[in-house]
Amino acid sequence: MVAVVRSLMVLLLAQVLLEGATGLIPEVGRRKYSESGKQTPQQSESFLNEFELRLLNMFGLRRRPTPSKQAVVPQYMVDLYRMHSANGDHSTKRPKSMGKHAERAASKANTIRSFHHEESMEALASLKGKTTQQFYFNLTSIPDEELITSAELRIYRDQVMGAATPNNSSSRDNRTSDSAHVGGFHRINIFELFGAPATHGGEPLARLLDTRLVQDSLSRWESFDVSPAVSQWTSGKGNNHGFMVEVLHPEEGEKAEEHTQRQSRHVRVSRSLHQDQDSWPQARPLLVTYGHDGRGDSVLHTREKRQAALRKQRRKHQHKASCKRHALYVDFSDVGWNEWIVAPPGYHAFYCHGECPFPLADHLNSTNHAIVQTLVNSVNSNIPRACCVPTDLSPISLLYLDEYEKVILKNYQDMVVEGCGCR
């Protein structure tokens with residue numbers, strides 16, 4: 001029974017995902033599967049496996065991901081998915097921790113990836129008056145054809161106990177000079193490294209990418225723009241030696257060192273500085289890249305305008321047998337893809353079916369060629385009628401783990417049938 005359901009779902013996925021792309025299915029395989037009852041169970045299973053690999057290839061995957069139970073999906077990526085899949089629902093606002101820079105970056109991307117740093121390669125050093133943390137993110141899973149347009153490094157920090165709350169914290173610019181309200185703020189600097197991590201006491205070769213003066217009295221994520229470094233690394237114009245995070249206090253002397261050590265424990269840049277191990281997987285530093293693979297539209301593409309026009313079109317009276325859209329829900333659990341697809345659990349794909357009779361009515365959304373073809377068919381049955389096919393398709397956003405357990409939010413074009421017509 002399971003095999004039957006799996007076979008059915010793969011075929012339904014084929015109808016929706018491979019519409020107009022029959023070259024993806026080998027002619028031999030199509031003949032095998034269409035000759036019902038003539039193929040052996042081994043042949044059927046082989047064909048389904050090959051077909052699934054081709055579907056995964058459409059998703060940019062070489063094999064079906066098999067994430068471990070320890071794989072972590074950052075809450076930030078879940079929030080981004082909810083925002084991007086809202087399709088014009090303005091009640092779904094951008095995540096509070098998402099800065100304007102990241103919001104602009106997301107609007108130009110169709111692929112958002114997240115990376116945790118390689119903990120085995122981190123290096124922690126305490127210099128006078130500051131704490132530095134060096135860590136490395138492995139970005140080799142980003143395809144060569146994907147253009148990285150922006151990147152942000154996200155660091156979480158807890159409120160420093162005993163810190164005084166500024167009178168007007170909401171209106172204060174986080175880049176205010178060090179001289180103002182020194183006691184209530186500390187500075188976080190982000191550097192790009194140009195060599196291997198420095199030895200203890202040595203200063204590494206680095207350049208400043210971003211800096212922020214942050215309030216001691218708040219618990220929140222801080223976002224830093226690291227686009228220049230990541231863009232060079234992924235384009236092959238620079239070598240990835242990682243980042244250095246520097247936490248310092250503007251005061252000087254022994255009091256400053258003691259204060260800095262107290263603050264560094266609240267900036268989540270290292271497991272060794274993080275006392276609550278249970279929350280570390282969600283609080284550890286996160287690198288988020290925004291890119292475009294050159295296919296289709298952006299992640300933030302919404303469908304409300306197109307849907308409104310199509311709803312108006314569908315309200316017209318149609319003959320029961322005429323070409324129109326029919327319900328089709330694809331449940332990822334039926335094909336075992338819920339193991340690596342985080343959201344959604346499935347989606348309404350729809351499909352087109354029905355007759356294209358002569359003469360073609362206006363609501364059948366026909367091309368001039370279809371009208372001519374149908375006219376010729378009325379006098380010459382050797383010429384087939386026009387076919388009922390999708391005329392409008394829209395994308396969906398998928399949040400999933402890839403083969404390397406990296407969490408990806410990606411926009412996939414032409415996944416939902418919005419309108420049908422005779423072509």
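A residue counts as buried when its relative accessible area is under 20%. Glu146 has a relative accessible area of 5%, so this residue is buried. Keep in mind that we're looking at a predicted model here.

Where does Glu146 lie? You'll find Glu146 in the loop between β3 (130-135) and β4 (147-157). Leaving aside residues up to four places away in sequence, Glu146 touches Thr111, Arg113, Gly291, His292 and Asp293. With one of these, Arg113, the Glu146 side chain makes a polar contact of 2.8 Å.

## The Arg113 pairing

Side chains of opposite charge can pair when their charged atoms come close. The side chains of Arg113 and Glu146 do meet in a salt bridge, at 2.8 Å from N to O. Arg113 sits in strand β1 (residues 111-116) and Glu146 in the loop between β3 and β4, so the pair ties together parts that are 33 residues apart in sequence.

Is Arg113 buried or exposed? With a relative accessible area of 6%, Arg113 is buried.

## More salt bridges

How many salt bridges are there by this rule, a side-chain nitrogen of Lys or Arg within 4 Å of a carboxyl oxygen of Asp or Glu? The count comes to ten. One of them has the side chains of Arg284 and Glu119 meeting at 3.7 Å, N to O. Arg284 is in the loop between α8 (280-283) and β9 (286-292), while Glu119 is in the loop between β1 and β2 (123-127), so this pair ties together parts that are 165 residues apart in sequence. As for cover, Arg284 counts as buried at 13% relative accessibility, whereas Glu119 is partly exposed, with a relative accessible area of 25%.

Then there's Glu222, which forms a salt bridge with Arg157, the closest N and O atoms being 2.8 Å apart. This one goes from strand to strand: Glu222 lies in β7 (residues 220-225) and Arg157 in β4, so the pair ties together parts that are 65 residues apart in sequence. Both Glu222 and Arg157 are buried. Arg220 comes into the picture too, as salt bridges that share partners join Arg157, Arg220 and Glu222 into one network.

## Helix α6 and its buried side

Which residues of helix α6 (residues 227-235) are buried? They are Ser227, Ala229, Val230 and Trp233. These four cover an arc of only 165° around the axis, which means they fall on the same side of α6.

Just after α6 comes Gly236, with a positive phi of about 85°.

## A nonpolar patch outside

Now for the surface. Val372, Val376, Val379 and Ile383 form a nonpolar patch there, and together they have about 330 Å² of accessible area. One of the four, Val372, belongs to helix α10 (residues 368-379).

## The chain as a whole

Stepping back, the chain has ten helices and 16 strands. Of its 423 residues, 45% are buried. Its accessible surface comes to about 22000 Å², and carbon and sulfur atoms account for 51% of that.

What share of the contacts with a separation of 6 or more comes from residues 24 or more positions apart? That share is 74%.

Key. Residues are numbered from 1 along each chain as its sequence is written. This is a predicted model: local features need pLDDT of at least 70, side-chain atom pairs count only at pLDDT 80 or more; totals for chains, interfaces and linings use all residues. Side-chain values use heavy atoms; hydrogens and water are left out. Patches are made of residues with over 30% relative accessible area and no salt bridge: like charges are joined within 9 Å, nonpolar side chains (Val, Leu, Ile, Met, Phe, Trp, Tyr) within 5 Å. Accessible areas come from the Shrake-Rupley method with a 1.4 Å probe; for residues, only the protein chains shown count as cover. Helices (H or I, at least four residues) and strands (E, at least two) are DSSP runs, numbered from the N terminus. Buried means under 20% relative accessible area, exposed over 50%, partly exposed in between (1.4 Å probe, protein chains only). A polar contact is a pair of N or O atoms within 3.5 Å; within protein, one must be able to donate a hydrogen and the other to accept it, and residues adjacent in sequence count only if both atoms are side-chain atoms. Contact means heavy atoms within 4.5 Å. The arc is that of the directions from the helix axis to the C-beta atoms.
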